Amino acid sequence: MASQDSSEQTLGRIMRERRDKAKRLGEQGAPAYRNDVRPTHSLAEIRRRYGDTRPESPPPGIQPVDGERVCVTGRALARRGFGKTAFVPIRDESGDLQLFLNVDHLDARDFETVLPSLDVGDIVGAEGPVFWTKRGELSILCERFYIVTKSLRPLPDKWHGLSDVETRYRQRYLDLAIHPEVREVFRKRSEIVRGIRRFLDDRGYLEVETPMMHPIVGGAAARPFETHHNALDMKLYMRIAPELYLKRLLVGGFERVYEINRNFRNEGLSREHNPEFTMLELYRAYATYEDLMELTEALVGELAREVLGGTTVTWDGRDIELAAPWRRITVQDALAELGGVSGEVFDDPVAAAEVAISRGVAAEDVARALVEPLSADEVGEIARQCGAQAEGGPSRPGAASGEADAVPGDATAAVLAAFGRAEERPNLAKAITARYEDEMQARVRAGAIAYKIFEEVVESQLVQPTLLTQFPLAVSPLARKNEVDPAFCDRFELFVGGREIANAFSELNDPDDQRARFEDQIRARAQGAEEVMDYDEDYCRALELGMPPAAGEGIGIDRLTMLLAGQNSIRDVILFPLLRPE
RNA sequence: GGGCCCAUAGCUCAGCCGGUAGAGCAGCGGACUUUUAAUCCGUUGGUCGAAGGUUCGAAUCCUUCUGGGCUCACCA
């Protein structure tokens, strides 16, 4: 019963009406998509130029400020019509300004044909002098008025804006068009990147570009995206980090290099994780991680002063002071001070395991860390032992995983499962650690677990900028060992607001040590670890040529932007964050 | 992947103790020669995210699915 026209939905009707207007404009000699309007000034320039000559009380009547005629362009944000007069606030990249369109001043044809066809959202142009309205608003007294580009889709509510988060991300163009504060965030992001380049360029660093498609996985602990090259019929991985390529450049003789580019990691999405994210990595020969702590303090302080105009920022509701010096504390001291965990956990893996589980670390993760250096045969033997114990314990239907001839993966699974049962855990932990080669290996394993405790209980407490130093060896496969205590590495991470912002270390340049670390990674993979690196033979070959001692650092640009722009979600600092398809 | 929450007009939202939808803005028509979310009069517009189910009857209750948010897990 609905009639053809009246049943048409609002959006469809609005768009049809706007298309009709565009068509009519063209027929009347005022094309709706034109490219012959050249602004003489940005809106901000007009304000700068005339804004400070604002009269105490504007002269009566309509009086141009001076004899100059300007041309401006922008998107129409609203239309307030008064019959013989209309006000149209417009916005360009620089800011907002109001057009004043009056029948006595505007070209008659523009008034009669163009103005009535105007819709909010159209991109318009106007020519005329500048003047002040009675209410004291700087305006363009329009003599000519153009619809430069017709907008067919209606803008969101001018008062409430667009609050639907999903639409803001999916239609970022719309978000940007109506929310100046969103543009401001991305302008800051650009300033930050520019500031980093200037900072490093001034200090003699060379900006380089290294591959983003890698034949093997390396440089970080993360799962990669896979792709394929047809002509070479070759599997490729989107890079998870540029580290190993940049250090090859140190071998080649570049002593200070950096790269700002995308990394890709195949992991979940969250407020602080986007699968593709931008990373700064820099390397400096003849330097240590301690030099980079100073560099980082200087860099972040300088960026804050440039972008914020000061060194204090509110992030996630907390005030943060970014001025140097920042607190420096070892992972071990932080764990003791902020977690009440004694240093014993860095020496004794069995004790570390119990503390970790009592502090909320998943038993399976703890077990995995313990088992990592063992061979498949050794794990099998342990599985046999704990399988026997399990029969007396809580029943596990179809518990084939504990059987003697189980494949290595099953043996590992059985050990991990058994580790979850508190009454078996002490004996199991002892059985595993008894197979360690020496005291050092035990301390390295303890460190791996201690670091999990650190992540669980300490990280979120590091609100003010904190440089954490001396990381356990097991979680730093590319970092140089500490010369006093080789169970640790010369490494630091910067935490702000409970989030990791930067990661740096003195680089491992002993090729034989590096080979041993890669072998550890391969062993860990055999025990089921997924986020491990491939053995990079060519990288080892490069180190064998000799890499100067060096320090390197990675800084997450997205998180740094979040910090300096006061944004709580990484999606608010990435123009087009990954979303499921509509 | 788990838990909690959300999805109603182009936008922002109400309706949710079941009786098949409302407001403001935007739009359309009209009035108005200095407005600032202009105002005033009139008015159009909805397969209530999708599919099933319960019921005489579902926007409303139940189930599943889709998309999103928060959170946990994952994530150096």
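**A chat about chain A**

Modeller: Let me start with Y33, which is exposed, with a relative accessible area of 53%. Exposed means over 50% relative accessible area, buried under 20%, and partly exposed in between, with a 1.4 Å probe and protein chains only.

Biologist: Before we go on, what am I looking at, and how is the numbering done?
Modeller: This is a predicted model, in which local features need pLDDT of at least 70 and side-chain atom pairs count only at pLDDT 80 or more, while totals for chains, interfaces and linings use all residues. Residues are numbered from 1 along each chain as its sequence is written, chains are lettered from A and ligands numbered from 1 in the order in which they are written, and side-chain values use heavy atoms, with hydrogens and water left out.

Biologist: Back to Y33, then. Where is Y33, and what does Y33 touch?
Modeller: Y33 sits in the loop between α1 (10-27) and α2 (43-50). Leaving aside residues up to four places away in sequence, Y33 touches V148, T149, K150 and L152. Touching here is a contact, meaning heavy atoms within 4.5 Å. T149 is 116 residues from Y33 in sequence, yet their C-alpha atoms are 4.6 Å apart.

Biologist: How many helices and strands does chain A have?
Modeller: Chain A has 18 helices and 21 strands. These are DSSP runs numbered from the N terminus: helices are H or I with at least four residues, and strands are E with at least two.

Biologist: And what about the radius of gyration?
Modeller: Chain A has 32 Å, whereas a compact globule of 582 residues would have a value near 25 Å. The radius is taken over C-alpha atoms, and the globule rule is 2.2 Å times the number of residues to the power 0.38. Along the principal axes, the C-alpha atoms fill a box of roughly 95 × 70 × 55 Å. Of the 582 residues, 51% count as buried.

Biologist: Which residues touch the most other members in the largest nonpolar core?
Modeller: They are L335, F419, I432, F454 and L468, in a core of 48 residues. Helix α15 (residues 439-457) gives this core its largest share, 8 residues. Apart from it lies another core, of 45 residues, with V193, L292, L303 and L563 among them. A nonpolar core is a set of buried Ala, Val, Leu, Ile, Met, Phe, Trp, Tyr and Cys residues joined through side-chain atoms within 4.5 Å.

Biologist: What does F454 touch?
Modeller: Not counting residues up to four places away in sequence, F454 touches V331, A334, L335, E459, L462 and L468.

Biologist: Switching topic: is helix α7 mostly covered or mostly open?
Modeller: Mostly covered, as 7 of the 10 residues in α7 (residues 243-252) are buried. The buried ones are E243, L244, L246, K247, R248, L250 and V251. Their cover includes β13 (256-264), β20 (499-506) and α16 (511-526). G253 follows α7, with a positive phi near 115°.

Biologist: Which residue other than glycine has a positive phi?
Modeller: One of them is Y286, with phi near 55°. Y286 lies in the loop between β14 and α8 (289-307) and counts as exposed at 57% relative accessibility. D316 also has a positive phi near 55°, and D316 is partly exposed, at 31%.

Biologist: Last one: which peptide bond is cis?
Modeller: The one from A324 to P325, with omega near 0°. P325 is in the loop between β16 (318-321) and β17 (327-330).
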